[in-house]
Amino acid sequence: MITKRDTRIPRRPLLWLAAALVFVLPPMFDGLAPWVPTLLLVAITTKFWMEPRGYRLRFLPLKIALVVGALVAIFISYGAIKGIEPGVSLIIVLMSLKIFEAHTAREFHFMVMLGWVLCLCGFFLAQDLAIAVCIMIAFTLLTTALIQFYRGLAGGRIWQPLRAALTLLAQAVPLIVLFFLLFPRVTTAFRLLLTPNAVSASGFSDRLSPGSVEAMANSTAVAFRAEFPDDDVPRSIPLYWRGLVLTQGDGMEWRFREMLRSSPQFHSGGTIRQLITIEPHGEHWMFALDRPVTEPPGASLRPGNYLRSWQAIVKPRRYEVKSSLELARQDLQPLERKQLLEVPASISPRIRELAQSWSQADPDPHAIIRRALDFFQTQRFRYSLSPGEYRKNDLDEFLFRRRIGFCEHYAASFATLMRLAGIPARVVIGYLGGEFNEMGHFYLVRQSDTHAWCEVWLPDIGWRRVDPTNVVAPERVNSGFESFLERNAAAGEITPRFSRTFARQPFFAKIRLTWQTLNYVWDSRVLGFDAEAQQALTHEIGLPDVRPVSLLFLSAIIAAGFVVILATWMQFRARVQPDPVQGLYTKFCAKAARMGAPREPTEGPANFASRVSRVLPQESKRIATISNCYIGLRYARDSDASSLHALAREVQLFGSWKRKNRKSYAGR
Amino acid sequence: MNLARLPRLRPTAALGGLVFVLFATWYAASSQNNAAAYLLFFTLSSLFIVSIPHALLNVASLKATTESVKPTFAGDEVSLPVEVTNQSGKRRYGVRVQVPDSGGDEQAVDEIAAGRAARVLIRFPARARGEYEVKRLCLASAFPLGILRAIKPINCHQRFLVYPKPEGDPRLPPDRARSARNRPRTELGEGDDFAGVRAYEPGQSQRQIDWKAVARGHPLMTKQYTTEATGALYLDFAAVSGDDTEARLAQLALWIIEAERARRSYGLRLRGTEITPSLGQVHFHRCLRALALFK
C-alpha cells in the first residue's frame with residue numbers, strides 16, 4: 001500500500017531512469033524525425049530542474065492541447081499516423097509528456113514500464129548488435145532505477161542498485177537462454193497494423209544500369225556472412241558469390257528477365273557446403289558461392305542456377321546451401337539460344353563491326369573470347385570507381401572514347417559484344433571476395449564487394465564464367481583488406497592515415513575481429529533463430545514433432561525447477577556464518593537451561609555464571625572457567641587461541657557430572 | 001527452510017502493468033517475427049521470475065520485536081517502538097513496518113546490514129480508552145522490482161493503555177473533603193519540609209535524588225518532603241454531573257491533569273475503586289489507568 005500523498009520522486013531513481021532513456025535514443029535518432037527524440041531528451045533534462053522545485057504539468061486543457069499538438073506534428077512529419085515510425089514517435093511523445101507530469105510513486109513505475117516499451121520500439125527500428133547493446137544497457141538501467149526506487153527513499157551506496165540489477169540479470173540468463181530456445185515461436189495469424197519498415201540498406205537491384213554498382217561501392221554495410229562448416233574454403237580461387245542472372249541486355253543496361261526454359265542444374269558430388277547469414281534487404285534474392293546446386297528451405301533454385309527466396313527477406317536469415325565449382329555441360333534450347341543472342345537495335349555499326357571482325361577472323365568461340373579480352377587489355381581501358389556518368393546508350397562512348405569504368409561497365413559491354421559475335425552471353429551480379437575473419441572463421445561480405453561478371457555459353461563445355469574486369473584491374477578481383485580501407489578512405493569515412501596506423505595495430509585489429517565475430521553470432525544465432533531453426537533444434541535433441549503447448553509446459557517446468565534451485569542457493573548464501581565463540585557459549589546456555597537454569601535475555605554472562613553456580617554448586621569451578629574464557633574472548637583486547645580450546649573443552653565437559661550421577665543411580 | 005513460514009507474496013498494481021507490457025512485447029515479437037523483440041520478452045519475463053526468490057528472501061529472515069508503549073490519551077497517537085533484526089548473512093532493503101488495521105502509517109527501513117537491527121517508531125491513532133494489545137505486525141517489502149510485495153506477519157503481544165480523552169470543565173471541583181476530615185494525613189512527595197530519605201524508584205523525579213549521597217558512594221536515594229495538606233482533593237466519579245460515562249471519565253481525566261499541574265494532592269473514587277490522595281508521576285498514571293480500565 002503506497003501512500004497516495006503528493007510525494008516527489010527521489011532524485012536517484014530519476015537519475016537512473018534518465019540514464020536508461022539516453023541509451024534508448026540511438027535507434028530513435030536513426031529512424032525517426034529528429035524532433036521526436038530531441039523532445040524526450042529535453043523532457044528528461046527539464047525534469048531535473050522541475051522536480052526539486054515541485055513544478056510539473058498540472059493544467060488539464062494544456063495537457064490535452066499538447067497531446068493534440070504532438071499528433072498533428074507527427075502527422076506533418078510522416079504524412080501518416082499508422083506505421084512503425086509514427087507509432088513509435090507517438091509513444092515517445094507521450095513518454096515525454098508523462099515525464100513533465102509525473103510526480104508520484106505509481107507514476108514512476110509507469111514511466112519505467114514505458115521505458116520497457118521504448119526498448120521494444122527500438123528493436124522495431126533496428127536490430128543490429130550495436131543497437132541491441134544500447135537497448136540492453138537501457139534495460140539494465142531501467143531495472144536499476146526500479147531497484148533504487150524500491151530500496152527506500154534514502155539513496156544508500158550509489159552503485160549498489162546497479163550491482164543488484166546485474167545480479168538479477170545474470171541469474172536470469174539461464175532462463176533467458178531456455179526460453180529463447182524452447183519457448184514456442186508461433187506466428188500470430190493476425191498481423192500488427194504496422195507497415196514493415198523499409199529496408200534501405202540493400203542497394204542491390206534486379207538491373208544493372210550505369211552507376212548502380214557505383215552507389216554501393218562505397219558502402220561498408222554488411223551484405224551477408226558465410227561460413228564453411230567443412231573447412232573446405234577454396235583459398236586459391238577468388239570467391240564469386242552468385243546473386244542474380246541478367247539476360248536482357250540493352251547496351252549498358254542489363255535487366256532481369258524470367259524467360260529461360262532450361263531447368264537449373266542439381267548436383268550431388270564434389271560440393272562445398274556453406275552456411276550463409278544474410279542481412280535483410282527486403283527483396284527475394286539470396287547469395288551462394290558460384291554456382292549453387294541445392295535449395296535451402298524456403299527458397300528455390302531458378303534456371304540459371306541462382307537462388308530465390310519465396311518470401312522477401314526482412315530479417316536476418318541463416319541458410320545452408322551447397323555449391324559446385326564445376327558443372328556439367330548443358331544444352332541450350334533453340335528458343336533460349338535466340339533470347340540469349342538478342343541485342344538492342346540501337347547498337348551502333350562501329351560496335352557491330354568490331355564484334356564481327358573477331359568472329360570473322362576465327363569463328364572458334366574460345367578465340368573470340370580471347371580477342372575480346374585482348375581488346376580490353378590493350379586498348380588502355382582503366383578501372384575507376386568514379387568514371388563519370390554513362391547513359392543507357394553510351395556503349396560507344398565507353399568502348400571508343402572514355403574507356404574508363406568498373407565491373408558493371410565491363411560486364412555489360414563484354415556481354416553485349418559476345419552476343420554480337422554470336423556467343424550466347426549473360427551478366428551475373430553478386431559479390432566478389434569478402435573479408436575473412438580468423439577469429440570467427442567466416443567471410444564478411446560487404447555491399448562494397450558488389451561485383452558484376454559475365455557468363456558465356458560454349459558448345460563444348462557449356463556455361464563458363466568470364467570476368468572482363470579481371471583483365472583490366474586484376475587487383476580488384478584479388479582485393480583484400482588493404483583495398484577495403486582505401487575504398488573507405490575514398491568515401492571519406494575514415495582518413496587513410498588513421499586507418500593505416502590504427503587498423504594495423506594488433507590490438508585494434510583484434511577488437512575489429514571480435515566485434516565482427518560478435519555481430520556475426522548475433523545475426524546468425526540470435527536474429528536468425530526462428531520457428532524453423534527451433535524445429536531443427538527440437539529434432540536434434542530428440543523431441544521430434546513436439547507441439548507448441550508441450551514446449552510451453554516443458555519450459556515452464558524447467559523454469560520452476562531453476563527458480564527452486566536458485567532460491568535454495570540464495571538461502572544457502574545468506575546463511576549466517578557461525579561464530580565459534582558464540583556457538584560454544586550458546587551451547588553452554590542450552591545445557592544450563594536443561595539443568596534448570598535458563599539464561600534470561602537481559603542477563604550478562606557474569607551474572608548468569610554466578611546464578612548457575614548457585615543452582616549447580618558442583619560445577620561452579622567449570623562454570624567460572626567457561627564464563628571467564630567467554631568474557632575474555634569476547635571483550636578482552638588480546639585473546640589467544642588456547643582459551644578458545646579451553647572453552648570448547650569445558651563446555652563439552654559441562655554437565656558430565658550429572659550424567660555420571662544418573663548412571664550411578666541407574667546402577668543401584 | 002520451513003515452507004509454511006515463508007512470507008506471503010501479494011501482487012501490486014504494477015503487476016498488471018508488467019503483464020500488459022509482456023503481452024505487448026510477445027504480440028509484437030510474434031507478429032513481426034522479430035527475434036530481438038522475443039529476446040526482450042524473454043529477458044523481461046525471466047527477470048520477473050528471478051525476482052520472486054529475491055522478494056521472498058528479502059523479508060524471510062527478518063524478525064521484529066516490540067518494546068513497551070507509553071500510555072496515551074484517546075485522540076493522540078500511540079508510538080510503538082519496533083526493532084527489526086536481520087538474521088541472515090545478507091543486507092536487506094526497503095522494508096516497511098506496519099501494524100495492520102491500526103489506521104496508521106507504515107514506517108520504512110531502507111537498509112539493514114547482515115546481523116544488525118533497525119529501530120522504527122510506528123505511530124497510529126489511539127481511538128477509545130481501554131487496554132489494547134498489538135497482536136500482529138507486518139513486515140513488507142516490494143524490493144527488488146516493486147511488482148510483488150512480500151509480506152511477513154509477525155505475532156507479538158504488546159499491551160498498551162489508552163487513557164480517556166481529557167475534556168470538560170478545567171476548573172477543579174470544590175474541596176468537599178476538607179471539612180469532613182480535619183487535617184488529613186500528610187502525603188509524602190513534593191513539598192517544602194524535609195522528611196527523610198527513601199530508596200529511589202524508577203519514575204520518581206530526578207530533582208529529589210540525594211546526589212550528595214550518591215557522590216559519597218551511597219545508592220540512589222530520594223529526599224522526601226511533606227506538604228501541609230491544605231486539602232486533599234477527592235475526584236469522585238459519582239460527583240461528576242452528567243449521564244454519559246465517557247464524558248464523566250473525560251472530565252475526571254482533565255481534573256487529574258489540572259490537579260497534577262497545580263500540585264494539589266488528589267485522590268480518585270470510582271465505582272469499587274478508591275485511590276488515596278497523593279501527587280507525582282506514579283500516582284498520576286495510577287489514577288489515569290483506573291480511568292482507562294473503568295467498566
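**Ground rules.** The model is predicted, so I took local features only at pLDDT of at least 70 and side-chain atom pairs only at pLDDT 80 or more, while totals for chains, interfaces and linings use all residues. I numbered residues from 1 along each chain as its sequence is written, lettered chains from A and numbered ligands from 1 in the order in which they are written, and used heavy atoms for side-chain values, with hydrogens and water left out.

**Entry: the interface.** I looked up contacts between the two chains, contact meaning heavy atoms within 4.5 Å. I found 55 residues of chain B in contact with 61 residues of chain A. The two chains bury about 5100 Å² between them, and 71% of that lies on carbon and sulfur atoms. Buried area here is the accessible area (1.4 Å probe) that two parts lose on being put together, summed over both. I noted that B:L40, B:F42 and B:L47 supply 11% of the area that chain B buries against chain A, more than any other three residues.

I recorded one between B:E111 and A:R157, at 3.9 Å, N to O.

Which elements of chain B each supply at least two residues of the side that touches chain A? They are α1 (13-32), α2 (35-60), β5 (92-98) and β6 (107-112). Helices (H or I, at least four residues) and strands (E, at least two) are DSSP runs, numbered from the N terminus. I see that α2(B) gives the most, with 19 residues. The residues on this side of chain B divide into 29 nonpolar, 18 polar and 8 charged.

**Entry: helix α5 of chain A.** I checked the 21 residues of α5(A), residues 105-125. At 1.5 Å a residue the helix should span 30 Å, and its end C-alpha atoms are 31 Å apart, which agrees. The expected span is 1.5 Å times one less than the number of residues. I count 19 of its 21 residues as buried, where buried means under 20% relative accessible area, exposed over 50%, and partly exposed in between (1.4 Å probe, protein chains only).

**Entry: salt bridges in all chains.** My search of the whole structure gave 36 salt bridges over all chains. I took A:E455 and A:R291, which meet at 3.4 Å, N to O. A:E455 lies in strand β17 (residues 450-458) and A:R291 in the loop between β8 (288-289) and β9 (299-302), 164 residues apart. A:E455 is buried at 0% relative accessible area, and A:R291 counts as buried at 12%.

A:E650 is buried at 12%, whereas A:R649 is partly exposed at 47%.

Definitions and conventions
A salt bridge is a side-chain nitrogen of Lys or Arg within 4 Å of a carboxyl oxygen of Asp or Glu. Ala, Val, Leu, Ile, Met, Phe, Trp, Tyr, Cys and Pro count as nonpolar, Asp, Glu, Lys and Arg as charged, and the others, Gly among them, as polar.
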